[in-house]
Amino acid sequence: MLRGEEIRNVYEALGVSREEFATVLGYGGNSNTLHKQIIKIENESTDKKSGKLRIMNASATLPLRSLMAEHGLLGEKIESV
């Protein structure tokens, strides 16, 4: 599982916005909603109702791994950009 900072480093390395990144990973909603979803994952915030850590949903894992592999980011440490 990637930590919040690693998620940020991935979309920055790809040169895409939070909204574009969320869309590619299959998240839905308007621009503001997409932006907020990635911010919550980046900040490793907890859900107010459940108290659980907000992590990337399971259905986004495969597209994320594919995207990282396609751009040579899989299997290597993602450094801050």
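The model is predicted, with local features reported only at a pLDDT of at least 70 and side-chain atom pairs only at pLDDT 80 or more, while totals for chains, interfaces and linings use all residues. Residues are numbered from 1 along each chain as its sequence is written, and side-chain values use heavy atoms, with hydrogens and water left out.

Confidence comes first. The score used is pLDDT, the predictor's confidence in each residue, from 0 to 100. The protein chain averages 84, and 90% of the residues score at least 70. Helices here are DSSP runs (H or I, at least four residues), numbered from the N terminus. Mean confidence is highest in helix 2 (residues 18-24), at 93, and lowest in helix 4, at 86. Where pLDDT is low, the predicted coordinates should not be read in detail.

Next come the salt bridges, each one a side-chain nitrogen of Lys or Arg within 4 Å of a carboxyl oxygen of Asp or Glu. The count comes to 3. Two of the pairings involve glutamate 42, a residue found in helix 3. With arginine 8, the bridge has an N to O distance of 2.7 Å. Arginine 8 sits in helix 1 and glutamate 42 in helix 3, so this pair ties together parts that are 34 residues apart in sequence. With arginine 18, glutamate 42 makes a salt bridge at 2.8 Å, again N to O. That pair also links distant parts of the chain, as arginine 18 belongs to helix 2 and glutamate 42 to helix 3, 24 residues apart. Put together, Arg8, Arg18 and Glu42 are linked in a network of salt bridges.

How accessible are these residues? Burial is judged by relative accessible area: under 20% is buried, over 50% is exposed, and anything in between is partly exposed (1.4 Å probe, protein chains only). Glutamate 42 has a value of 5% and so counts as buried. Contact means heavy atoms within 4.5 Å. Neighbours within four places in sequence aside, glutamate 42 is in contact with Gly4, Glu5, Arg8, Tyr11 and Arg18.

Two packed helices are described by the angle between their axes and the distance between the axes. Axes are lines fitted to C-alpha atoms, for helices over the stretch in contact, with angles running from 0 to 180 degrees between N-to-C directions. For helix 1 and helix 3, the axes come within 7 Å and cross at roughly 135 degrees. That makes helix 1 oblique to helix 3; angles under 35 degrees count as roughly parallel, over 145 as roughly antiparallel, 65 to 115 as roughly perpendicular and the rest as oblique. On the helix 1 side, Gly4, Glu5, Ile7, Arg8 and Tyr11 take part, meeting Ile38, Ile41 and Glu42 of helix 3.

Glutamate 44 has a positive phi of about 50 degrees although it is not a glycine. Most residues other than glycine have a negative phi. Glutamate 44 also forms a salt bridge with arginine 3, their closest N and O atoms being 2.6 Å apart.
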